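Do follow along in the viewer as you read.

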Amino acid sequence: MTSLQIFSNTIFQPLNLRRQLSPNLGQRQVTACLSLDAEAQPFTASKPGSVKSKEVIETEAKVVVGTYARTPVVLASGKGCKLFDTEGREYLDLSSGIAVNALGHGDEDWLKAVVEQANTLTHVSNVYYSIPQVELAKQLVGSSFADRVFFTNSGTEANEAAIKFARKFQRHNHPDAKEPATNFISFTNSFHGRTMGALALTSKEHYRSPFEPVMPGVTFAEYGNIEATRELIQPGKTAAVFVEPIQGEGGIYSATKEFLQFLRTACDEAGALLVFDEVQCGLGRTGYLWAHEAFGVFPDIMTLAKPLAGGLPIGAALVTERVASAIAFGDHGSTFAGAPLVCNAALAVLNKISNSSFLNSVSTKGLYFKHILNQKLGGNPHVREIRGFGLILGVELDVPASPLVDACRNAGLLLLTAGKGNVVRLVPPLIISEQELDQAAEILCQALPVLDEKNSN
């Protein structure tokens, strides 16, 4: 993602003739609890004219809908695996914009693709053909099980498309059925998005309950439990089974080959579709281009998004010809999806990530990182498990992970949580170096005592 340059010492605020904004919030002091040379520094402008974090945070609280419990950091620019806030403090980024910035920040080839396409053609809608969209679809088909692609703007939209395609598939294949199969199976700890259909497939009740009733007909089975799932996949009832080969938001849980192979067989026997949600785990993060390749099991539909366009909004539902044959003109659509700008950016990302040497490097760095994490963290009594593979790893704790994540941030390391809030999620840019992984592991190691401090209070 290209750097955001700040050109003014003021924030442009909306004109409001009735009142003026008058921020009076106190400045939050950040202190590091680690014995490293990465202690948080007091707020000072990185250069004349830069916007200070306090001003941004106060303004955001007045003009943006409060859906995000944001970390008190205002990021202004980035390069590689480093991010910089408005005061010039440096952070090592192991969050990647929630597994989005696979090529890090400011990748030169990505930037060139964006700038050149922006100067040529940005958007035309799907009323017309455009070259980058067709070329991206061709490359996605050529590198996967799929025969066709439907583009969207996000992961949740890709899953909404998969829901519609599954129901239309059942109706198309059983035209004489009085009630074609419309139900879905999803799993515990799943996360498929926040729009109403994808939300219905998401297991965490606190995401769904404020908006109920959500889409009916979804049953949740225990992730990885073959016997518990077997009786739920029913001919004439189940339209599709949605599963993440590796659950990201749910806590970095990986399926087994046996479980995915069972789902493949059970869906075939029941006439249901198998949908792999690879929004977070796909596109090289596991060291395979597609996460399911590690298991040798292939879906009817795969949904993608996060890293595909390197930080620009895109999603995709990849489908077999059998599924695509059920879809007719007007069955689904999008104004913005597959626009030339985002597709050209995605081509730059896909060309790099799909290279075998790039994927091998992800596997190698993933093994290395997991090894040093086990060395440095494995003996701590609060660490229950270090799991995952490639560069999607999780450190499960026996206490909430937020104090550790906060301490690491104060020491210059950006992390995420997952699961029930007790898992540290590690999803760095795929270009990260072993030296940077060493640095991250060391900061994590030295931050661990904060868990005892918080626990004793």
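A salt bridge here is a side-chain nitrogen of Lys or Arg within 4 Å of a carboxyl oxygen of Asp or Glu. Please keep in mind that this is a predicted model.

1. On the overall count: searching the whole structure turns up 20 salt bridges. The points below take up some of them.

2. One to look at is D109 with K352, whose closest N and O atoms are 3.0 Å apart. This pair links distant parts of the chain, since D109 sits in helix α3 (residues 108-118) and K352 in helix α11 (residues 340-353), 243 residues apart. D109 is partly exposed, at a relative accessible area of 43%, and K352 is also partly exposed, at 26%.

3. Next, R264 and D300 form a salt bridge, with 2.8 Å between the closest N and O atoms.

4. Finally, the side chains of R89 and D85 meet in a salt bridge at 2.8 Å, N to O. Are these two residues buried or exposed? R89 counts as buried because its relative accessibility is 14%, and D85 counts as buried because its value is 4%; the cut-off for buried is under 20%.

Conventions
Residues are numbered from 1 along each chain as its sequence is written. This is a predicted model: local features need pLDDT of at least 70, side-chain atom pairs count only at pLDDT 80 or more; totals for chains, interfaces and linings use all residues. Side-chain values use heavy atoms; hydrogens and water are left out. Buried means under 20% relative accessible area, exposed over 50%, partly exposed in between (1.4 Å probe, protein chains only). Helices (H or I, at least four residues) and strands (E, at least two) are DSSP runs, numbered from the N terminus.
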